[in-house]
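I opened the model today to look up a few local points. My notes follow.

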Amino acid sequence: MAVPARTCGASRPGPARTALRWPDRGSRPGLSARRPAARPPRPLSLLLPLLLLLPLLAAPGASAYSFPQQHTMQHWARRLEQEIDGVMRIFGGVQQLREIYKDNRNLFEVQENEPQKLVEKVAGDIESLLDRKVQALKRLADAAENFQKAHRWQDNIKEEDIVYYDAKADAELDDPESEDVERGSKASTLRLDFIEDSNFKNKVNYSYTAVQIPTDIYKGSTVILNELNWTEALENVFIENRRQDPTLLWQVFGSATGVTRYYPATPWRAPKKIDLYDVRRRPWYIQGASSPKDMVIIVDVSGSVSGLTLKLMKTSVCEMLDTLSDDDYVNVASFNEKAQPVSCFTHLVQANVRNKKVFKEAVQGMVAKGTTGYKAGFEYAFDQLQNSNITRANCNKMIMMFTDGGEDRVQDVFEKYNWPNRTVRVFTFSVGQHNYDVTPLQWMACTNKGYYFEIPSIGAIRINTQEYLDVLGRPMVLAGKEAKQVQWTNVYEDALGLGLVVTGTLPVFNLTQDGPGEKKNQLILGVMGIDVALNDIKRLTPNYTLGANGYVFAIDLNGYVLLHPNLKPQTTNFREPVTLDFLDAELEDENKEEIRRSMIDGNKGHKQIRTLVKSLDERYIDEVMRNYTWVPIRSTNYSLGLVLPPYSTFYLQANLSDQILQVKYFEFLLPSSFESEGHVFIAPREYCKELNASDNNTEFLKNFIELMEKVTPDSKQCNNFLLHNLILDTGITQQLVERVWRDQDLNTYSLLAVFAATDGGITRVFPNKAAEDWTETPEPFNASFYRRSLDNHGYVFKPPQQDARLRPLELENDTVGILVSTAVELSLGGRTLRPAVVGVKLDLEAWAEKFKVLASNRTHQDQPQKCGPNSHCEMDCEVNNEDLLCVLIDDGGFLVLSNQNHQWDQVGRFFSEVDANLMLALYNNSFYIRKESYDYQAACAPLPPGNLGAAPRGIFVPTIADFLNLAWWTSAAAWSLFQQLLYGLIYHSWFQADPAEAEGNPEVRESSCVMKQTQYYFGSVNASYNAIIDCGNCSRLFHAQRLTNTNLLFVVAEKPLCSQCEAGRLLQKETHSDGPEQCELVQRPRYRRGPHICFDYNATEDTSDCGRGASFPPSLGVLVSLQLLLLLSLPPRPQPQVHAHPSRRL
């Protein structure tokens, strides 16, 4: 953070001492470098007398007072500590609750969490779950290969011959502009009835499969009709799979032709605009259809590339990047006479979401100039692929060249780098309409085991930038059974609404032969996939026995989390996988890097570490001890980990065999008991299968009570562990009311409420009326105060949360309170655990007044010290509140209490928003440490629409002179324009829709983004410390001291005398960010491993099918007629102001 001149001084605090030390600017690394040039330093001989006299100098308007001495402020701190401790001892009931647990020792057992056994059991359960899906996958893949092999190809097949359920039929009938309405579909489309199914979160039909065909593929083509014909037989296999395993979710066959057949049938989730879904671009299909790739994309940017052709190239590159997954590596370069990378990446980088974003943005900046130099482009590409000093896929190697044409075959380059082994495949793409000879491009592809494609217009981009996968699939098909290995994907969003899933994939091969003795077919038919919802995997993990801060997590070979409590994407895009790295899900440190590496390598391990954790509300950082245990999940690429705090080694398991006692304790859950026993909130857990969930806790409690009147806690349909613990904790917290709270007058100590929360799911708030203002979540495991109290010793203060952008707190009816909580630690037979948290809620206004009294020179509560005109005494926080600022700040830097009445409504705000000058001084003096991290799962509001003019985005608009020029009509530009307009007649919203809208997202939907988070936490300073804030003639004295056994910092400071001290403001609120600099991150990539298998070569591969260009010269008469017809017939459409998206700009 930039710190302006005249910033607060910074010195490293040392032991408590009365004498002031001049701040040392060099004590914080880099501070001086961030500070603009300041005035020349004063001579030390002049400063020393000033420092010695400052404590005795009179403050303006208070000539008889001086700044309090250090021992005085230490005395105030002790009084504050004693008052807090006294209130918590009387009302918190920690000791009394310990005694209650011991008195009820016969009602529960102490169980142990054995990390190694736990994690191995869960890993085994997950392995069994996934293995059942693997068996279903293999049955499907084998059946599909046999069905296709037995199928007889029909050249004369007609649409009316095929009967199937078209998943998009209902939506297309409602859309008068749909393909089928325009063409008058002849296919016999089934009409089905559906039933709601909670497992699928959708309406389904278990008797049929559904078919989805991409918008840009003609349903009536011979290829598609034959595909529909033979895949119909899969329906029975899908149904039989479900009969054998009723837990199966979506079973899907994605065909290489683009057809998707899935079971059970459900209507397609039709978007509002264009449906761009194509199964061949889904992450699971790409992973299953080919082995990992090292790809270099080179783009011709010579002067011969016209503006329209260059735009097509840019879009083509972006679409090509979308065919890559996190297992692939890529770089993009442009070339004319010389080749250079389009971005800051100088070598192959992982094709993850953030790197691809950098490429897509950089590609938009390419400019055409110079002459074509294929040699420069290919030499650059081969050099990239030969660089062995970097992390890469080390499997398929390929070069993708986009050009408008050229004569040079660069045979010498291929001879030097690629022949005779031809380990690098070359794919060439002729882009735009032109009259160049394409033979050299065909030759390059055919002699290097690649393929030649043509992209004459926008309509050919998507299909031709993904068909290279068919070529890469050849070695897999030829490898036969060896390549039939199930792979599990990254986490991604299911397109049919199932939520976050992983998919098991298995390639399906074409086993047919053209005739006796002919070569084996080398085409991949498609990929079979079966989804597993993350929630189903989570159900196999222990929930409530690990405590509030224990959890299970799992990662894949990329280090991305499959399971983690912090995996919570705020918005999802089904075109991209959800890739949250383990080191981004937690706060990164060296220990976690070692754990991550060991897990990726498939090792077992255990390690206890001291680490930083972020609070649930993301306002605080705690330094804690954690035990990590991990094992691999066999037969998968996943590894499972367990995290336990030391205090969660043991947990309580209720044993309420006495039914009379069950009934007695249960009665304390009834609302009729709340007036005398306090209000009870119960955690919304899945106690029984038939329990109706509700976000309203009163309604949930009502549902719970009604169900308990029908079943017993020992019912088989209920979770007996959860129910028994809930009822036990209901009774135990009621005894706390009876023994402690009921006989105490809360008003005497200005308390709004007392409360207790337990691992069993009970939160009891006393008195009952205090529940009206209780804002904490009823699930203790999700409550920030609960989790922090377990991790911290002593009393944890939690002021009400405030946002600087919102209005201050409204102090009405004394309802604004400050929570103070502490964990109850039990020691039973040498086993230590923390099953509950107790606390009080302080009345803010009353305690602010009490704070002033405790930090004053009063010798008696009703006798404030008076100083005569001739006497000398020290200022205090009560009498001198106009000149002296006294505050309590918590360990996150948030204001808790102040002696300034006008600051009471700012309690809960980050202190820099209250007094930036003083907060910066505390930070510079190491009372606080700053921790910055990035949230890669955030959601941001869409950007406002840009004013890009009235023309549709990215379309070449000819001038009047062009229309009058006959040469223009015969040019490639006119022909390309004609094709674009023709395509636009069918899909006219292509030019208007942003990608998100095209996928069906509402226009106002938030999009994923990166947010930078900043938290502060206490440094290592525990001593009492005096310092000076150097502001020239406006310098301020301050004193800071930690309060023992709390998370509070007591600060006393002179109020600012003038505004000349310009303090840099520390920021704590979350801010939008581009994340860490990607160009720097790729220089130190995180450890990962690719899949264990690679199929990139087979000696029997037939490379003769390598693409053949087919161009035809347009007829001038036909072209002119069609062009005029288009110009006259196109209806005028209002042109919206659209926000340009770099990946879709043409």
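I listed what Asn 1047 touches in this predicted model. Leaving out residues up to four places away in sequence, I found Arg 788, Tyr 795, Val 796, Phe 797, Ile 889, Asp 890, Asp 891 and Phe 1018. I then placed Asn 1047 in the chain: it sits in the loop that runs between strand 39 (1036-1042) and strand 40 (1048-1054).

Next I turned to helix 23 (residues 697-708). I checked its length: twelve residues at 1.5 Å a residue should span 16 Å, and the end C-alpha atoms are 16 Å apart, so the two agree. At the start of helix 23, I noted a side-chain oxygen of Asn 696 within 2.9 Å of the backbone nitrogen of Thr 698. I looked up the buried residues of helix 23 and wrote down Asn 697, Phe 700, Leu 701, Asn 703, Phe 704, Ile 705, Leu 707 and Met 708. Their cover includes helix 21 (659-666), helix 22 (674-677), strand 27 (679-682) and helix 24 (720-741).

Last, I took the pair of helix 10 (residues 307-321) and helix 11 (residues 353-363). Helix 10 contributes Lys 314, Val 317, Cys 318 and Leu 321 to the contact, and helix 11 contributes Lys 356, Phe 359, Lys 360 and Val 363. I sorted these contact residues into five nonpolar, three charged and no polar.

Definitions and conventions:
Residues are numbered from 1 along each chain as its sequence is written. This is a predicted model: local features need pLDDT of at least 70, side-chain atom pairs count only at pLDDT 80 or more; totals for chains, interfaces and linings use all residues. Side-chain values use heavy atoms; hydrogens and water are left out. Contact means heavy atoms within 4.5 Å. Helices (H or I, at least four residues) and strands (E, at least two) are DSSP runs, numbered from the N terminus. Ala, Val, Leu, Ile, Met, Phe, Trp, Tyr, Cys and Pro count as nonpolar, Asp, Glu, Lys and Arg as charged, and the others, Gly among them, as polar. The expected span of a helix is 1.5 Å times one less than its number of residues. Buried means under 20% relative accessible area, exposed over 50%, partly exposed in between (1.4 Å probe, protein chains only). A polar contact is a pair of N or O atoms within 3.5 Å; within protein, one must be able to donate a hydrogen and the other to accept it, and residues adjacent in sequence count only if both atoms are side-chain atoms.
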